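Please keep the sequence and the coordinates at hand while reading.

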Amino acid sequence: MLKIVVLDGYTENPGDLSWGGLAALGQLTVYDRTPADQIISRIGQAEIVLTNKTPLREEIFAACPDIRYIGVLATGYNIVDVPAAERRGITVTNIPAYGTAAVAQFTFALLLEVCHHAGHHADEVRRGRWSASPDFCFWDYPLIELAGKTLGLVGFGRIGRDVSRIAAAFHLNILVCTRHPLPDESCPVEFVDMKTLYARSDIISLHCPLFPETQGLVNRNSIALMKDGVILINTARGQLVVEQDLRLALDSGKVAAYAADVLSAEPADPSNPLLQAKNCLLTPHIAWASRESRQRLMNTAVDNLAQFLKGTPVNRVAPSV
């Protein structure tokens, strides 16, 4: 019987979903997490391996020659040595587009928290500060209205486009910098270069992939080109930001606020400079993790494998990508 191993299934399914779709395709073993020194033993003679963040490199393939298929339970697939897999005839697939709506929604959850500090003010109500106020209302952070301000989007893929549509509903002006400036008739945007985006944006939201040319995109030089008091949002990749440079900009007030769901190393390194920065809101990489998104991910993972077994693989990762 076909042996299927999931090496790190907990983040995809902490217990509120079913692995039944995969189990119907073979003999399924699911591990919540797999330490590096147990990857080979847990794969064993399995032909089908699914992974989220457990790395699969050349030495794993050499030790586990029965592997025919690797399904990445995410969109990003840098945890797999795709060229090495290709050389050994191993098909690698990923899960595109499952979290578009959730990440776009979370982008605005971060932005609205920066604008209104709703969580903070709710905590202050419980602490009695509103009760002690001489006025009918109480706030201790500046409250920001979005209408009429300019949002700069770096990247305009599925998530960036969804963010632009939400932004239009908030009456934001929208600038976009992207390698592929394809108009979206459902939402008017202005395509500009990066320097223009930096100079004109009140808010900058990152939605570009992590490539060598985008690593460290936000750094001391690019920050200097931005408006004083700019708000930065990052739901893409932590490595897009030089975190020490950003901390200095936050502490000086050049950047008014940074809200991010990602860091350069995850889980957060206690020494990360952003953990001590002023006006920095960090969440633990949860933008993707709504139940609805994870169910879409699960459905696609099952379909990817089913199509592979039929000889018609879909969502295949090419080694040249």
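This is a predicted model: local features need pLDDT of at least 70, side-chain atom pairs count only at pLDDT 80 or more; totals for chains, interfaces and linings use all residues.

Within it, leucine 153 has serine 205 of E9 as its bridge partner.

Both strands belong to an open sheet of seven strands with parallel pairing, whose order reads E8-E7-E6-E9-E10-E11-E12. Its edges are formed by strand E8 (190-191) and strand E12 (280-282), each of which pairs on one side only.

## Strand E4 and its neighbours

Strand E3 (residues 48-51) runs parallel to E4 and is joined to it by four bridges, with valine 49 standing opposite isoleucine 70 in E4. E4 also pairs in the parallel sense with strand E5 (residues 91-93), here over three bridges, and threonine 91 in E5 is the bridge partner of tyrosine 69. Two right-handed β-α-β units can be traced through these strands: E3, helix H3 (residues 58-63) and E4 make one, while E4, helix H4 (residues 82-87) and E5 make another.

In a regular strand the side chains alternate between the two faces of the sheet.

## Aromatic pairs

The count of aromatic pairs comes to four. One of them joins tyrosine 69 and phenylalanine 308, whose ring centres are 4.8 Å apart and whose planes meet at 35 degrees, so the pair is classed as tilted. Because tyrosine 69 lies in strand E4 (residues 69-72) and phenylalanine 308 in helix H11 (residues 291-309), this contact ties together parts that are 239 residues apart in sequence. Tyrosine 69 counts as buried at 1% relative accessibility, and phenylalanine 308 likewise counts as buried, at 12%.

Another pair is formed by phenylalanine 108 and phenylalanine 170, with ring centres 5.3 Å apart and planes at 5 degrees, and it is therefore stacked. Phenylalanine 108 lies in helix H5 (residues 100-116), whereas phenylalanine 170 lies in the loop between helix H7 (158-169) and strand E7 (173-177), so the pair ties together parts that are 62 residues apart in sequence. Phenylalanine 108 is buried, with a relative accessible area of 4%, but phenylalanine 170 counts as partly exposed at 30% relative accessibility.

## A charge over a ring

A contact of another kind involves arginine 33, whose charged end sits over the ring of tyrosine 10 at 4.6 Å from the ring centre.

## A buried serine in a loop

Serine 133 is found in the loop between helix H6 (118-126) and strand E6 (150-154). Its relative accessibility is 18%, and because the limit for a buried residue is under 20%, serine 133 counts as buried. A polar atom of the serine 133 side chain lies 3.1 Å from the backbone nitrogen of aspartate 135.

## Cysteines

Cysteine 115 is buried, with a relative accessible area of 1%.

Notes:
Residues are numbered from 1 along each chain as its sequence is written. Side-chain values use heavy atoms; hydrogens and water are left out. Buried means under 20% relative accessible area, exposed over 50%, partly exposed in between (1.4 Å probe, protein chains only). A polar contact is a pair of N or O atoms within 3.5 Å; within protein, one must be able to donate a hydrogen and the other to accept it, and residues adjacent in sequence count only if both atoms are side-chain atoms. Rings of Phe, Tyr and Trp (its six-membered ring) pair if their centres lie within 6.5 Å; planes under 30 degrees apart count as stacked, over 60 as edge-to-face and the rest as tilted. A charge sits over a ring if NZ of Lys or CZ of Arg is within 6 Å of the ring centre and within 35 degrees of the ring normal. Two strands pair if DSSP finds at least two bridges between them. A crossover is right-handed if, with the strands pointing away from the viewer, the path from the first strand over the helix to the second runs clockwise.
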